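Hello,

Here is the structure I promised to pass on. Please open it alongside this note; my findings follow below.

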Amino acid sequence: MTGVAAWLAAHRDEMIADLAEYVGHESSSDDLAALDTCLRWVRDWLDHRLGPPASDEWLTRDTTGDVLVRHYAGTGAPVLLLAHYDTVWPTGTLAGWPFQVDGDRMTGPGVFDMKAGLVQAVWAVRALDELGLPRPAFTLVLNGDEETGSLASSDVIVAEAGRARPALVFEASADGALKTARKGVGLFTVTATGEEAHAGLDPTAGASAIRELAHQVLRLHGWTDLDVGTSVNVGLIEGGTGANVTAGRAVARIDVRVSSEAERGRIAALLADLRPVNPKVDLAVTGGWNRPVFARTPEVSELFALARSCAEPLGVDLREVSVGGASDGNFVMAAGIPVLDGLGAVGGGAHARTEHATISGLLERSALTAALLTALTDR
């Protein structure tokens, strides 16, 4: 694979130019027009870099970005390649923070999470094709709602996973490490409904929803058990109508992360059994589990071992890590397909103004992806 690495190095400037243009198409998760424009650019760019696919499906969605599914011919059953094109950055961010290169460092909204990942994957495939090296058939799925939970695309991802063998997810790396386990995520809302009253004229009247919620927040945080990988965080509270009014309604929004199905069951049971401290206040729990647990199974371990063996000739000491964040790889794992995640950018600063990717990482991970695809050809 040293020949692939040399070929990619010779095309370094083109790879950077592709990423610059991709980042230049803003794609905030909540801007449907921008998402549409970005995906149309991506589709044309894919045709330019890889040629026409064996099949192409543009799946429209009413309230989120559309989903693009492309099947490319090759040897054997397809490998699933996953990437999302939406970012957390609001439309207009690019005006004050354009794509820039400073030495080995590339910056701009979405460059790390996760636009560099797709560029790496595409150039890996192109390198193999240009050099006449073997690669498997593959299915490329691009969705535009990953940053908001993939609620409108997870069905497509799971369906395509069922037709494929291992899946490669081009989310950004964790300081260069691949991600072989991810936590499951639950997003819940607890609503307390009490009884309003004049807080000054009769402080004993009514039933405060805010006071009730204060009790519940302490209870919810008490469910955290970091020793088994479980965290419960109330990240947003709102309620009441005025300082002189006993609050009639209050709402808490909760993020739950778990590392096992057992803990997912424990938290679900506790939420189902949540009861008010004040019997005059009603509690309602809504929401659900956004992504299942991505466990490090023997199949995932085997897939990482393969990637590590592919990295060695490139001079890369590949590492793996378990992370608290979730990705679309969680859905694929739940469908029974082994996943290797974090094959994307080397850099840091996801969702922050420090977001950046490295050029050296762009080349290295593209070469690693090419080697891994070749190794998967006959498996």
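What radius of gyration does the protein chain have, and why does that agree with a compact globule? This is a predicted model. The protein chain has a radius of gyration of 23 Å. A compact globule with 379 residues would be near 21 Å, so the two agree.

**Overall picture**

The C-alpha trace spans about 80 × 45 × 35 Å along its principal axes. The protein chain holds eleven helices and 18 strands. Buried residues account for 53% of the 379 residues. Take the contacts with a sequence separation of 6 or more: 80% of them join residues 24 or more positions apart.

The accessible surface is about 15,500 Å². Carbon and sulfur atoms supply 53% of that surface. On charge, there are 31 positive and 49 negative side chains. The centres of the two sets lie 3 Å apart.

**Cysteines**

How many disulfides does a search of the whole structure find? The count is zero. For reference, a disulfide is a covalent bond between the sulfur atoms of two cysteines. Cys38 has 1% relative accessibility, so Cys38 counts as buried. Cys310 has a relative accessible area of 10% and is buried too.

**Backbone points to check**

Most residues other than glycine have a negative phi, and most peptide bonds are trans.

- Asp113 and Met114 are joined by a cis peptide bond, with omega about -5 degrees. Met114 lies in helix α5, residues 111–130.
- Ser150 has a positive phi, near 60 degrees.
- His351 also has a positive phi, near 65 degrees. His351 sits in the loop between β17 (347–348) and β18 (356–358). With a relative accessible area of 44%, His351 is partly exposed.

**Ser150**

Is Ser150 buried or exposed? Ser150 is buried, because its relative accessible area is 0% and the cut-off for burial is under 20%. Leaving aside residues up to four places away in sequence, Ser150 touches Asn143, Asp145, Arg291, Asp328 and Phe331.

**Thr60**

Thr60 is also in a loop, this one between β1 (55–59) and β2 (65–72). Its relative accessibility is 57%, so Thr60 counts as exposed. Ser153 is 93 residues from Thr60 in sequence. In space the C-alpha atoms of Thr60 and Ser153 are 10.0 Å apart.

Which residues does Ser366 touch, not counting residues up to four places away in sequence? They are Leu8, Met15, Gln120, Trp123, Ala124 and Gly361. Ser366 belongs to helix α11, residues 359–376. At 0% relative accessibility, Ser366 is classed as buried. Leu118 and Ser366 are 248 residues apart in sequence. From C-alpha to C-alpha, Leu118 and Ser366 are 9.6 Å apart.

Where is Val300 placed? Val300 is in helix α9, residues 298–311. Val300 also has 0% relative accessibility and counts as buried. Beyond residues up to four places away in sequence, Val300 touches Thr180, Phe294, Ala295, Met333, Pro338 and Val339. Ile337 is 37 residues from Val300 in sequence, and their C-alpha atoms are 9.1 Å apart.

**Where to start**

I would open the view at Ser150, which has the positive phi and is buried. Then go to the cis peptide bond between Asp113 and Met114. After that, look at Ser366 in helix α11 and Val300 in helix α9.

Best wishes

Methods
Residues are numbered from 1 along each chain as its sequence is written. This is a predicted model: local features need pLDDT of at least 70, side-chain atom pairs count only at pLDDT 80 or more; totals for chains, interfaces and linings use all residues. Side-chain values use heavy atoms; hydrogens and water are left out. Helices (H or I, at least four residues) and strands (E, at least two) are DSSP runs, numbered from the N terminus. The radius of gyration is taken over C-alpha atoms; the globule rule is 2.2 Å times the number of residues to the power 0.38. Buried means under 20% relative accessible area, exposed over 50%, partly exposed in between (1.4 Å probe, protein chains only). Contact means heavy atoms within 4.5 Å. Accessible areas come from the Shrake-Rupley method with a 1.4 Å probe; for residues, only the protein chains shown count as cover. Lys and Arg count as positive and Asp and Glu as negative; His and the chain ends are not counted. The place of a charge is taken as NZ of Lys, CZ of Arg, CG of Asp or CD of Glu. A disulfide is a pair of cysteine sulfur atoms within 2.5 Å.
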